[in-house]
Amino acid sequence: MTDLDAAETLVASTDVTGRLTLSSLVKDFGTGSRAVDGIHLNIEPGEFVTLLGPSGCGKTTTLRMIAGFESPTSGSVDLDGVDMISVPPNKRPMSMVFQSYALFPHMSVRENVAYGLRLRREPAAQRDHDVDLALTSMNLVAMADRAPNQLSGGQQQRVALARAMVMKPKVLLFDEPLSNLDAKLREQMRLEIRRLQRRLGITSVYVTHDQAEAMAMSDRVVVMNKGRIEQAAPPDEIYRKPASVFVADFIGRANFLPVTVVGSSTDGMVDVDVLGQRVAVPHHLDAPGSDSPVLLVRPESIRLQPAPDGQTIAGRTGRVLATVFYGEHVEFEVEMEHGTLLAVVSDPELSALPAEDDLVSVGFSPSKVWLLPA
């Protein structure tokens, strides 16, 4: 039996649905501002949703209210139509994977995985069967008798995930589970978690401050700020069509170019003056009527060309301030009339790239930018 076959067998033994609905969810700690301020969010069965935002934005508090570790000031948490507010954490059909793993050091791997089932008084034969499947799914069979301190960080994380999965939850909750791992192992583990979750179809809510992690793993990313949801959308929409300057600036890196709206065009485009030229660009619904709209241009969408014969073109010519070589790409800082731009060239041919202090002409593809209200 393969690891994924074992996991599927485990989950198939319970009736998993997992439709999660947060309605008008508020948490006020009495400090003068709400940690969570009226969140509405519908999470579909089997969906992988990541709560993302800066420290203090309310993402962890929201997760803890879903789990039952925090009581909402007001609002509701419904799971498959049942209000969970009055249900204690240990009675909710949910499992959480913690940042610290929270493994019992005096128990073996097998005993750690079986702990929740023992508390639930699962019959011994069924408990052993489910634990065996969970260990197989996480490739932990050979380590079943080891203590947690005999495992690497990645192996401990697998134990924590097996312990959560063996409870056959309707919802899996993740509280920054990979933040203690090194960068390479973190990448491997996030791919494994996502692969397993897709195969099993368990509704999952994941909290992280790592943007790359959120983009790589999620069906939807929920960007939070000051206790509210700024935007909830698939990763590509969050990146290419952010709902606000905050989202655009928080997700990835961004250049914001000042523009003047000069007229409307067709097919949802608007005409703007930018970098000394008139172009039609896609836009946020509120951008054309904004007092000071800005044009979002991602660094990888910037095109740099040598300035012809060293001549400058008003608004479009800049001077290279710095170049940084990263192997698979090169980053350029370019000084323009309105400020400094960041440009990225992937898979670079070094001999053809501009050097520091060179004059360059700056351009971009109009279809890859996004006009935002200020």
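What volume does the largest cavity have? The largest cavity has a volume of about 70 Å³. A cavity is a set of points, on a 1 Å grid over the protein atoms alone, where a 1.4 Å probe fits but cannot get out; a volume is the space filled by probe spheres set on the points, with grid points joined across faces, edges and corners. The model is predicted, with local features needing pLDDT of at least 70 and side-chain atom pairs counting only at pLDDT 80 or more, while totals for chains, interfaces and linings use all residues. Residues are numbered from 1 along each chain as its sequence is written, and side-chain values use heavy atoms, leaving out hydrogens and water.

The structure holds one cavity of 30 Å³ or more. Helix H5 (153-165), strand E7 (171-175) and helix H6 (183-200) each supply at least two lining residues, and H6 gives the most, with four. Helices (H or I, at least four residues) and strands (E, at least two) are DSSP runs, numbered from the N terminus. By class, this lining has eight nonpolar, one polar and no charged residues; Ala, Val, Leu, Ile, Met, Phe, Trp, Tyr, Cys and Pro count as nonpolar, Asp, Glu, Lys and Arg as charged, and the others, Gly among them, as polar.

Pockets come next. A pocket is an open set with protein on both sides within 12 Å along at least five of seven lines. The largest pocket holds about 740 Å³ of space. Its lining counts 23 residues, and Pro89, Asn90, Met94, Ser95 and Met167 lie nearest its centre. Strand E6 (94-97), H3 and H5 each supply at least two of the lining residues. The second largest pocket has a volume of about 150 Å³, and strand E16 (residues 302-306) provides the largest share of its lining, five residues.

Helix H3 (residues 109-119) also packs with helix H4 (residues 124-137), at an angle of about 130° and with axes 10 Å apart. Axes are lines fitted to C-alpha atoms, for helices over the stretch in contact, and angles run from 0 to 180 degrees between N-to-C directions. H3 is therefore oblique to H4, since angles under 35 degrees count as roughly parallel, over 145 as roughly antiparallel, 65 to 115 as roughly perpendicular and the rest as oblique. Contact (heavy atoms within 4.5 Å) involves residues including Val113 and Leu117 of H3 and Val131 and Leu135 of H4.

Methods: On a 1 Å grid over the protein atoms alone, a cavity is a set of points where a 1.4 Å probe fits but cannot get out, and a pocket is an open set with protein on both sides within 12 Å along at least five of seven lines; lining residues have an atom within 4 Å of a point.
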